[in-house]
Amino acid sequence: MAMISNDWLPALKGEFSKEYYKNLFAFVKKEYSEHVIYPPSEDIFNALHFTPLKDVKVLILGQDPYHEPGQAHGLSFSVLPDKADTPPSLVNIYKELHDDLGCRIPNNGYLKKWADQGVLLLNTVLTVRAHAANSHQGRGWEQFTDAIIQAVNAKDGPVVYMLWGRPAQMKAPMLTNKNHLVLTAPHPSPLSAYRGFFGCRHFSKANEFLVAHGVSPIDWQIEDI
């Protein structure tokens, strides 16, 4: 696993000496040696590499990495450019962005532009075996990503959380900072988007909150490639 080297390190270094993390590290190392695992090991912590803790303005919480070739690269909901079609959930996110803010629907699903602006695109589980959804659940990643969420919750400045679907919303009790905004909606997957994700207007609400607290808004427009 690629090392964390920015300001996330002091926030998380206490986790590395805990028994659960030692077990998780050994499990993940063995999985990479015996199976095809996504994302590539050097991309596991990309959400943290691309979005330093001091820069986090928005946290969008996903669940499991994509488990087919050329998709997962360490950012929730994002896929590599030129490698994969835009996944169905992200198609629906783009539809909501179009209806909410008038964003054009791009021809790719690469969301690094959001990460570079302070959108922490975090999955609750950071690795997965190829073609086997949820195969690394319950191995310790959840405890580690809870520590990430807790570090964000401790920030003084304004942060917006977008919790889509029940698994993400189960993290809401951790979010106790009165300076932050918690937004919830059904998951954007085709199975549930029509139950209230469409029309939630989370993107405009996030920007309104940030601007109201003196923070620059997110430019949500993903460009064509």
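Which residue forms a salt bridge with Arg104? Glu223 does, and the closest N and O atoms of the pair are 2.9 Å apart. A salt bridge here is a side-chain nitrogen of Lys or Arg within 4 Å of a carboxyl oxygen of Asp or Glu. The pair links distant parts of the chain, 119 residues apart. Glu223 lies in the segment after helix 8, and Arg104 in the loop between helix 4 and helix 5 (112-116). Helices (H or I, at least four residues) and strands (E, at least two) are DSSP runs, numbered from the N terminus.

The model is predicted; local features need pLDDT of at least 70, side-chain atom pairs count only at pLDDT 80 or more, and totals for chains, interfaces and linings use all residues. Residues are numbered from 1 along each chain as its sequence is written, and side-chain values use heavy atoms, with hydrogens and water left out.

Glu223 is partly exposed, with a relative accessible area of 41%. Buried means under 20% relative accessible area, exposed over 50%, and partly exposed in between (1.4 Å probe, protein chains only). A salt bridge also forms between Asp219 and Lys113, with the closest N and O atoms 3.0 Å apart. Asp219 lies in the segment after helix 8 and Lys113 in helix 5, so this pair ties together parts that are 106 residues apart in sequence. Both partners are partly exposed: Asp219 has a relative accessible area of 38%, and Lys113 has 26%.

Lys171 and Asp146 also meet through their side chains in a salt bridge (2.7 Å, N to O). Lys171 sits in the loop between helix 7 (166-169) and strand 6 (181-185), while Asp146 belongs to helix 6 (residues 141-153), 25 residues apart. Lys171 is buried, at 14% relative accessibility. Salt bridges that share partners join Arg104, Lys113, Asp219 and Glu223 into one network. The count comes to 10 salt bridges.

Asp64 presents another case. Asp64 is buried but has no salt bridge. The nearest side chain of opposite charge, Arg129, is 11 Å away. Lys and Arg count as positive, Asp and Glu as negative; His and the chain ends are not counted. Asp64 is placed in the loop between strand 2 (58-62) and helix 4 (88-101). Its side chain reaches the backbone nitrogen of Asn134 at 2.6 Å. Residues touched by Asp64 include Asn123, Val125, Thr127 and Asn134, not counting residues up to four places away in sequence. Contact means heavy atoms within 4.5 Å.

His180 is found in the loop between helix 7 and strand 6. His180 is buried, with a relative accessible area of 10%. The His180 side chain reaches the backbone oxygen of Gly157 at 2.9 Å. A polar contact of 2.9 Å joins the side chains of His180 and Tyr161. A polar contact is a pair of N or O atoms within 3.5 Å; within protein, one must be able to donate a hydrogen and the other to accept it, and residues adjacent in sequence count only if both atoms are side-chain atoms. Among the residues that His180 touches, not counting those up to four places away in sequence, are Val152, Pro158 and Phe209.

Helix 4 packs with helix 8 (residues 202-212) at an angle of about 60°, with their axes 8 Å apart. Axes are lines fitted to C-alpha atoms, for helices over the stretch in contact, and angles run from 0 to 180 degrees between N-to-C directions. The two helices are therefore oblique to each other. Angles under 35 degrees count as roughly parallel, over 145 as roughly antiparallel, 65 to 115 as roughly perpendicular and the rest as oblique. Ile93, Glu96, Leu97, Asp100 and Leu101 in helix 4 meet His202, Phe203, Ser204 and Asn207 in helix 8.
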